[in-house]
Amino acid sequence: MADQENRGPDAEAPTLPEPREYEHAAGGWGSVQGISRIELAEMAGPGALDTLKEQNKPGGYMCSSCAWTKPPNPHPFEFCENGAKATLWDLTTRRCGPEFFARHTVSELAARSDYELEQVGRLTHPMRYDAATDKYVETGWDEAFAAIGAKLNELDPKSVTFYASGKAGLEASYLYALFARIYGHNNLPDSSNMCHETTSVGLKKVVGSPVGTCQLEDLEHCDAIFYLGQNPGTNSPRILHPLKDAVKRGCKIVVFNPLREKGLVEFTDPQNPIQMTVGKPTKMNHMYLQVRSGGDIAALMGVMKRVIERDEMAQAAGEKRVLDTAFIEQHTNGLPAFLDTLKGTSWSSIEKNSGIARTDLEAAGDVYADAKNVIGIYGMGLTQHVHGSQAIGMLVNLLLLGGNMGRKGAGCSPIRGHSNVQGQRTVGITEKTALAPVDKYRELFGVETPEEDGNTTVDFLEGVIDGSAKGFVGLGGNLAKAVPDHARIHPCWRDLELTVHIATRLNKTHCMPGKESWILPCLVRAEKDMQESGNQQVSIEDSFSHIYGSIGKREPASEHLLSETAIVCRMAKATVPANPRVKWDEWQGDYAKIRNLIAQSFPQEFHDMNVRMDQPGGFYRGNPAHERIWKTDSGRAEFTDPSVLNSCGIGDADGRFHLVTLRSNDQFNTTIYGHSDRLRGLKGSRMIVMMSPQDIVNHGLREGQVISLATDTDGRDDFHRSVAGLEVVPYDLPRGTLAGYFPELNALVPLWYHDRLSKTPASKGIPVRVLA
Ligand SMILES: Nc1nc2c(c(=O)[nH]1)N[C@H]1C(S)=C(S)[C@@H](COP(=O)(O)OP(=O)(O)OC[C@H]3O[C@@H](n4cnc5c(=O)[nH]c(N)nc54)[C@H](O)[C@@H]3O)O[C@H]1N2
Ligand SMILES: Nc1nc2c(c(=O)[nH]1)N[C@H]1C(S)=C(S)[C@@H](COP(=O)(O)OP(=O)(O)OC[C@H]3O[C@@H](n4cnc5c(=O)[nH]c(N)nc54)[C@H](O)[C@@H]3O)O[C@H]1N2
Ligand SMILES: [Mo]
């Protein structure tokens with residue numbers, strides 16, 4: 001077991017700098033002001049606020065921000081500060097059209113930040129890169145598709161990757177995956193490969209489900225929630241409502257997070273007029289344990305040591321046992337091996353690796369032992385680690401001990417990212433052939449599709465570096481910016497023969513065109529999508545595996561825009577040989593026909609999809625683990641026997657820190673709305689590094705000092721990775737853990753530093769040194 005070293009001794013500290021903090025609760029008036037500021041800045045146009053009232057409601061459109069569920073009985077305003085920002089951002093009146101591109105070379109644009117590029121506004125026309133002038137020039141749709149189809153046919157399909165970012169609806173996504181496979185590859189990574197792939201692989205390995213096992217109503221019946229590595233105040237604010245209700249019922253929330261994230265500290269409900277004016281905010285947690293970066297495996301081991309002890313105490317006293325022995329006996333595998341490891345793990349190594357005191361972990365163990373129903377919730381703080389899969393395994397171990405899986409009020413709930421990232425996987429955007437409906441492709445369309453697995457994001461990027469990758473199509477996203485190791489990847493990106501971007505706004509990746517390159521502008525979800533049979537609905541799947549219809553009613557930002565579905569159909573038609581059973585034109589004309597194909601391809605989950613998706617709350621596509629059916633190799637839920645105590649891939653050494661890269665409250669991934677991180681009390685700059693006051697002093701630094709960070713790979717490669725110009729900000733963090741922003745710090749993550757099982761890049765726990 002790889003233990004981690006303690007860091008250096010405390011120096012005699014003079015005065016510690018005061019850590020920054022936001023003095024108000026999450027939600028409250030601050031969130032209302034956050035919305036109005038964006039609206040002003042973006043000039044979202046008349047009627048934009050009315051449009052918001054339809055957000056996440058039956059008969060309306062579904063927010064394009066996070067993947068939190070859309071309840072059957074929505075609030076009058078079923079949107080949050082950040083969902084409102086995302087919509088108003090989409091509905092801007094600013095435009096990025098041919099005149100703009102005529103004024104700027106791509107080299108000029110490439111020097112701008114993503115913030116500046118997106119500020120230009122919505123893309124309005126299809127654009128082709130002209131290498132002679134180094135400019136994007138206006139082109140027609142027919143011309144673009146013909147040229148892209150011709151180029152794709154010149155390339156070896158296996159050298160082309162089709163990426164998807166997680167927003168496009170199920171209809172476009174199903175056809176995109178079908179197009180890729182008919183064309184001849186399974187290179188279908190999506191943003192999930194940088195996000196929750198650790199869940200798709202790691203959770204699947206232990207409970208047989210690649211997605212969460214909970215339903216919204218489970219939050220109404222749980223007595224304890226173990227909440228690890230997710231920042232709800234910023235990244236899924238609507239979850240704060242059911243969490244607050246749970247707390248008011250007496251449910252105890254135990255948080256594991258290096259940062260004291262405001263949404264898990266206190267919350268004022270912006271939908272509650274009394275609380276907004278005279279009431280007190282709700283205190284959200286029972287315990288807040290500031291685990292060090294990567295410390296969750298050890299922390300959960302500590303909790304489980306106490307749970308086992310409590311079980312032994314109960315047995316000795318002849319009381320009801322803490323372990324659900326009937327469940328363990330009937331449904332699980334591997335407990336004895338895990339218990340051996342647990343017994344052999346000392347409290348001192350647990351304290352050292354987690355950064356949390358034994359007494360606190362024992363108190364958390366008592367919360368678990370005293371609760372009847374427990375839910376585990378987690379996000380990127382678990383998944384984006386080299387041993388992220390094992391951390392998920394540990395959380396599942398904890399849940400399995402008490403039989404907290406597959407019954408009311410219990411289960412495991414990963415919080416997904418992009419609004420349809422889970423759904424894109426469900427309908428076939430996956431590099432893993434076993435997960436694609438290949439038999440149905442054969443049956444429905446008479447096509448044979450490639451058998452070998454395709455590229456993950458990391459595989460594709462390795463191909464970009466070694467030159468074997470030739471073509472890239474992006475259904476949304478800003479991939480070159482969202483990925484690790486910028487200094488290794490960016491110089492090679494422009495050697496790609498073909499880059500095609502289906503997008504709403506200009507971003508950095510578009511400014512790194514391949515030898516032939518196109519930007520294809522598309523509609524956003526709140527806009528009308530008129531096709532032959534009228535305005536089209538699309539559908540999406542949320543974190544709870546519910547599927548909903550979504551319909552836009554706004555006038556499109558430009559008459560030249562096409563929907564994502566139409567773009568996929570027309571690009572496919574221009575690329576693959578005609579086949580009377582593959583009806584791109586017909587499908588484009590009526591998306592209900594695509595949903596029929598989805599229903600035929602996945603009959604158990606998607607039968608009668610066209611009818612069921614419009615019922616309030618959507619429809620649940622089911623999850624075997626929710627019914628205690630385990631689709632694992634053994635047919636049982638698996639206890640994980642961990643091989644490490646810390647999720648970081650490179651351990652401690654003198655002067656080495658572990659860096660966490662995060663989202664601010666004013667961004668959606670690489671889309672930067674502004675430079676404030678209100679809920680953390682930070683504003684003005686994103687080029688910062690948060691550091692504990694004690695570390696600042698011990699390392700001879702001072703608040704406001706500008707430093708560089710350099711990756712410390714412990715000699716695993718000799719590529720120099722660094723980011724300069726970072727201001728030191730005192731922050732309440734465990735010693736040895738640093739925090740800063742994604743994507744500014746992505747250059748520090750080595751491409752090979754990823755989850756062992758799923759290849760999800762480890763954007764947390766990055767080993768770095770401070771260069772003053
Ligand atoms: N407004 C807004 N909403 C979003 C997004 C956005 O950018 N803006 N992005 C969307 C996407 S794609 C995703 S995937 C989700 C992401 O939502 P989150 O999962 O919340 O992602 P992060 O912002 O990366 O925050 C990770 C959290 O984990 C904590 N953490 C870091 N390292 C560790 C660790 O080792 N252990 C533990 N226990 N905690 C740790 C961090 O302090 C932070 O609170 O949000 C989605 N929603
Ligand atoms: N260091 C570090 N790196 C990370 C992370 C981290 O926490 N730390 N998080 C990772 C995670 S969880 C994720 S999900 C990825 C995100 O990676 P991506 O999904 O690739 O990035 P986004 O920033 O979400 O993509 C923004 C772009 O999408 C386009 N877009 C916006 N809306 C639409 C739409 O409706 N349709 C289409 N077609 N295009 C649209 C716009 O052109 C916009 O510029 O980043 C990953 N990278
Ligand atoms: Mo994500």
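**Figure 1. Burial and overall dimensions of the predicted chain.** Of the 772 residues in the chain, 65% are buried (under 20% relative accessible area, with exposed meaning over 50% and partly exposed in between, for a 1.4 Å probe and protein chains only). The model is predicted: local features need pLDDT of at least 70 and side-chain atom pairs count only at pLDDT 80 or more, whereas totals for chains, interfaces and linings use all residues. Residues are numbered from 1 along each chain as its sequence is written, chains are lettered from A and ligands numbered from 1 in the order in which they are written, and side-chain values use heavy atoms, with hydrogens and water left out. The chain contains 30 helices and 33 strands (DSSP runs numbered from the N terminus: H or I of at least four residues for helices, E of at least two for strands). The radius of gyration is 25 Å, close to the 28 Å that the globule rule gives for 772 residues, so the chain is as compact as a globular protein of that length (C-alpha atoms; the rule is 2.2 Å times the number of residues to the power 0.38). Along the principal axes, the C-alpha atoms fill a box of roughly 75 × 55 × 55 Å.

**Figure 2. Domain 1 and domain 2 of the chain.** Domain 1 comprises 95-190 + 438-464 + 509-615, and domain 2 comprises 651-771 (bounds from an automatic or database domain assignment). Nine residues from domain 1 and ten residues from domain 2 take part in the contact (heavy atoms within 4.5 Å). The domain centres, taken over C-alpha atoms, are separated by 34 Å. Within the chain, 80% of the contacts between residues at least 6 apart in sequence join residues at least 24 apart.

Figure 3. Proline 521 belongs to β17 (residues 516-521) and counts as buried, at 0% relative accessibility. Neighbours within four places in sequence aside, its contacts are Leu123, Thr124, His125, Pro126, Trp141, Ala503, Leu561, Leu562 and Ile567. Leucine 444 is 77 residues from proline 521 in sequence and 31 Å from it in space, C-alpha to C-alpha.

Figure 4. Threonine 124 counts as buried at 7% relative accessibility. Beyond neighbours within four places in sequence, threonine 124 is in contact with Arg95, Cys96, Gly97, Pro98, Pro521, Ser558, His560 and Leu561. Between threonine 124 and glutamate 362 there are 58 Å in space, C-alpha to C-alpha, and 238 residues in sequence.

Figure 5. Most residues other than glycine have a negative phi, and most peptide bonds are trans. Arginine 628, not a glycine, has a positive phi of about 60°; this residue is located in the loop between β22 (619-620) and β23 (637-638) and counts as partly exposed at 22% relative accessibility. Aspartate 714 likewise has a positive phi, near 60°, in the loop between β30 (706-711) and β31 (722-730), and counts as partly exposed at 45% relative accessibility. The peptide bond from phenylalanine 742 to proline 743 is cis, with omega near 5°, and proline 743 is situated in the loop between β32 (737-741) and β33 (766-771).
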